Amino acid sequence: ATTMVVVGADVHKRTHTFVAVDEVGRQVGQCTVEATTKGHAKALVWARRAFGEEVTWAIEDCRHLSARLERDLLTVGQAVVRVPPKMMAEQRRTARTRGKSDPIDALAVARAFLREPSLPVACHDEVSREAKLVVDRRESLVNTRTRTINSLLWRVHELDPGRAPKPRSMDLVKHQQILKAWLETLTGVVAEMALDELNDIIALTVRIKEFDKRLAVLVKQEAPSLLALAGCGELSAAKLLGESAGITRFHSEAAFARHAGIAPIPVWSGNTTGRVRMTRSGNRQLNCAIHRIAITQARMPGTLGKAYYEKKLAEGKSTTEALRCLKRRLARVVFQLLTTDHNNRQTPALPAAA
């Protein structure tokens, strides 16, 4: 009989360490290679010589650090699963081996997968990858603009507190130009620095709007079903598309909800039967996007979400509990819509017959 072997990977910027375990979690091999495509090929040769073709690669999900390794393994048809860092940390905490090292971490990753074999698999999905890269870059620009605005507001306060722009108005061209016209009439280093920062804000705003347009085109083309969901705007749709990282890697909507940190955790004992709370783990970006949709639907008259929310309130649930139920229901809906959009991309609708 073929023995199942799981290779756990502890990824770093310059090296990756791999530890292989059998089906009962016993270590059967170890290898360290450079974090390059050539090094990944070397690890693959090592695994095939030692354990044959039946190998599952469990990789700690470290985004940029693990992305190249994932792609290289998937390209040659390997089975790859992603292990959340929190799960690996829990496995290491409860292990008999003390301390921390790359082999200990790689072993913890492999054993974490053995304990939770239903973890999402990694897969190629260029659409979701593009969405994530563009959304992340846009958010980086927004954060830079926010820091620059905060610095500018203090300089304006120093120059003339009465000239402070309206709250949350510095992303609008009208208010940017009003402030610029005033600053150009002043002299001194403070005014000079304020004007320089304002020019940065204006330039960043232009670039952010360009990314907004690009994301709008992307989600309209690749995720129209999701975009049609009440309360789901273009940015939320792009966030869901990007952070799901290929909806087909989830074997069910429950697995998707759990990955998003929306599956409730039971916390009842004795007289508190049936009580639950939300998990604090999972992908917080997915959780945040679904939370925004839930908040919007709970306020929108005529939506199914509002009707469901009010039904839960009528059952005696608190507003927090009712919102939690709505988020769990929306996770199911989002999973189905993302799956529909993915299937439509794989098999485009045929043009209507004349």
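Helix 13 gives the largest share of the lining of the second largest cavity, 3 residues. Keep in mind that this is a predicted model. Helix 13 covers 319-346, and together with helix 9 it makes up the elements that supply two or more residues to that lining. The residues around the second largest cavity are Asp125, Ser128, Leu241, Ser244, Gly246, Ile247, Leu338, His342 and Arg345. By class that is 3 nonpolar, 4 polar and 2 charged. The volume of this cavity is about 40 Å³. Searching the whole structure gives 2 cavities of 30 Å³ or more.

Now the largest pocket. Its volume is about 1400 Å³, and 47 residues line it. Which of them lie nearest the centre? Those are Asp61, Arg82, Arg249, His259 and Asn283. The lining divides into 16 nonpolar, 14 polar and 17 charged residues. Helix 2, residues 64-75, is among the elements that supply at least two residues, as are strand 5 (79-83), helix 5 (126-159) and helix 9 (234-244). Helix 2 contributes the most, 6 residues.

Helix 11, 284-299, also lines that pocket, and it brings me to the last item. Helix 11 packs against helix 12, residues 304-314, at an angle of about 85°, and the axes are 7 Å apart. The two are therefore roughly perpendicular. On the helix 11 side the contact uses Gln297, Ala298 and Arg299; helix 12 brings Gly305, Lys306 and Tyr309. That contact has 2 nonpolar, 2 polar and 2 charged residues.

Definitions and conventions
Residues are numbered from 1 along each chain as its sequence is written. This is a predicted model: local features need pLDDT of at least 70, side-chain atom pairs count only at pLDDT 80 or more; totals for chains, interfaces and linings use all residues. Side-chain values use heavy atoms; hydrogens and water are left out. On a 1 Å grid over the protein atoms alone, a cavity is a set of points where a 1.4 Å probe fits but cannot get out, and a pocket is an open set with protein on both sides within 12 Å along at least five of seven lines; lining residues have an atom within 4 Å of a point. Grid points are joined across faces, edges and corners, and a volume is the space filled by probe spheres set on the points. Helices (H or I, at least four residues) and strands (E, at least two) are DSSP runs, numbered from the N terminus. Ala, Val, Leu, Ile, Met, Phe, Trp, Tyr, Cys and Pro count as nonpolar, Asp, Glu, Lys and Arg as charged, and the others, Gly among them, as polar. Axes are lines fitted to C-alpha atoms, for helices over the stretch in contact, and angles run from 0 to 180 degrees between N-to-C directions. Angles under 35 degrees count as roughly parallel, over 145 as roughly antiparallel, 65 to 115 as roughly perpendicular and the rest as oblique. Contact means heavy atoms within 4.5 Å.
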